[in-house]
Amino acid sequence: MASRILHRLRHALTGDGEQEGLPACGSEVEEFPESSELEDDTEGLSTRLSGTLSFTSHYEDEEAEEGAAPDGTGPGRGEALHPELLSDVAPEDGEHGPPSGERQGSNMLTRQLQELWRKSRGSLVPQRLLFEVTSANVVSERSSKYVLYTIYLIRAGQFDKAPATITRRYSDFEQLNRHLRRRFSSSMAGVSFPRKRLRRNFTAETIAKRSRAFEQLLSHLHSLPEVRQSTEFQQFFFLDDLRAAQRLTCTGLSCEALATWTNAYRLQDKLGACRSGHFLLTLAGLAVCHQELDQLAEAHAATGQALRLLEAQDSHPLLAPFLQAHVHLAWMLGQDKREAEAQLQRLQDSGLAGPQPPTLKELLIKQPLP
């Protein structure tokens with residue numbers, strides 16, 4: 001269409017139109033106006049776009065579109081036009097857009113669909129964790145043979161430089177499923193669990209199918225708020241690590257214990273279980289192991305995080321041991337310890353802490369885990 005317009009302009013400027021018996025302007029131009037071609041094509045384009053809704057899959061794109069300045073500045077190169085912008089484009093000179101009533105109805109439909117989309121998307125639970133079975137090994141013991149699955153917990157949507165891992169067997173998943181069904185019967189009604197098989201339990205096909213099923217199971221359970229926050233779900237992930245780390249710490253294997261405490265910390269952090277007594281016990285284990293390995297700054301950071309969690313909880317039994325460890329580590333690092341000393345003194349004066357509170361390591365040794 002543009003080439004025909006340029007061609008006609010060249011003829012008008014060079015006078016070729018007059019040689020062919022067509023005047024450069026006059027009744028013939030009125031009979032075939034250039035705007036009529038533009039109008040016909042634009043009307044077809046508007047018809048094709050009027051029923052198209054394009055929704056971005058990222059919140060940032062939506063916010064950028066909603067926050068665009070209403071100064072007529074269009075989207076940049078490679079960006080999709082917002083449906084409301086498409087329907088509100090003013091017609092060019094000589095063009096005739098759809099009737100105002102039809103255009104208003106189209107706008108209302110577009111707004112209603114957008115509002116419905118936003119509401120439905122807002123009701124979905126964002127998938128913040130990915131559960132990936134990275135390996136499955138057949139383990140043969142004296143009286144049993146089973147498959148041990150290694151599952152990585154990775155934050156979605158970003159580079160996770162510190163993924164957490166667990167190793168579980170089929171019986172562990174089965175126990176989790178049984179406990180959750182007993183407590184959350186309505187939420188678990190539509191959850192399917194891979195059944196036991198009498199034969200071919202150790203074939204590559206069966207292991208691969210169960211691996212995918214376990215990934216889907218954990219992702220679905222994590223999407224249910226009441227299940228995700230339950231003790232059964234959280235302890236499935238990190239209780240074994242806490243027991244192993246406590247045992248290693250008590251036997252003096254600080255390096256091995258530190259790795260286990262660290263993985264337990266990452267698991268609880270990813271699962272959002274950072275307000276429980278288990279997490280405070282994890283911070284105590286990290287502080288003890290870092291200090292015994294002469295990693296004083298890391299130990300000081302662990303006690304500092306615990307004290308922030310215990311703020312305004314003067315009666316908590318772990319507060320005085322954490323304060324005592326924090327004061328000692330600050331003194332060794334040459335850092336300010338006056339605030340922690342004053343808080344510890346207030347606890348002792350009020351009778352909430354004895355003159356010699358137990359150390360964090362003594363608590364780790366004496367603290368039983370379920």
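## Exercises on a predicted model

Residues are numbered from 1 along each chain as its sequence is written, and side-chain values use heavy atoms, with hydrogens and water left out.

**Exercise 1. Find out how many helices and strands the chain has, and in which order the strands of the sheet lie.**

Step 1. Helices (H or I, at least four residues) and strands (E, at least two) are DSSP runs, numbered from the N terminus. The chain has 17 helices and 3 strands.

Step 2. Two strands pair if DSSP finds at least two bridges between them. The open sheet has the order S1-S2-S3, with antiparallel pairing. Its edge strands are S1 (129–140) and S3 (164–169), each of which pairs on one side only. From one strand to the next, the twist averages 20°.

Step 3. Now look at each pair. S1 and S2 are joined by 11 bridges, and a hairpin connects S1 to S2 through 4 residues. Here Leu 130 stands opposite Ile 154 in S2. Between S2 (residues 145–155) and S3 there are 6 bridges. Ile 151 has Ile 166 in S3 as its bridge partner, and Thr 150 stands opposite Thr 167 in S3.

**Exercise 2. Which strands does helix H8 lie across, and which does helix H11 lie across?**

Step 1. Angles run from 0 to 180 degrees between N-to-C directions, and axes are lines fitted to C-alpha atoms, for helices over the stretch in contact. Contact means heavy atoms within 4.5 Å.

Step 2. H8 (residues 170–183) lies across S2 and S3, running at about 95° to S3.

Step 3. H11 (residues 231–250) lies across S1, S2 and S3, and its angle to S3 is about 95°.

**Exercise 3. Describe how helices H13 and H15 pack.**

Step 1. H13 (residues 277–292) and H15 (residues 319–333) pack at an angle of about 30°, and their axes are 12 Å apart. That makes H13 roughly parallel to H15 (angles under 35 degrees count as roughly parallel, over 145 as roughly antiparallel, 65 to 115 as roughly perpendicular and the rest as oblique).

Step 2. On the H13 side, Leu 280, Leu 283, Ala 284 and Gln 291 meet Phe 322, His 328 and Leu 329 in H15. The residues of this contact divide into 5 nonpolar, 2 polar and no charged (Ala, Val, Leu, Ile, Met, Phe, Trp, Tyr, Cys and Pro count as nonpolar, Asp, Glu, Lys and Arg as charged, and the others, Gly among them, as polar).

**Exercise 4. Is Leu 310 buried or exposed, and which residues is Leu 310 in contact with?**

Step 1. Start with its place: Leu 310 sits in the loop between helix H14 (296–309) and H15.

Step 2. Its relative accessible area is 2%, so Leu 310 is buried.

Step 3. Leaving aside neighbours within four places in sequence, Leu 310 is in contact with Leu 280, His 316, Leu 318, Leu 319 and Phe 322.

Conventions:
Predicted model: local features only at pLDDT ≥ 70, side-chain atom pairs only at ≥ 80, totals over all residues. Buried < 20%, exposed > 50% of the residue type's maximum accessible area, 1.4 Å probe, protein only.
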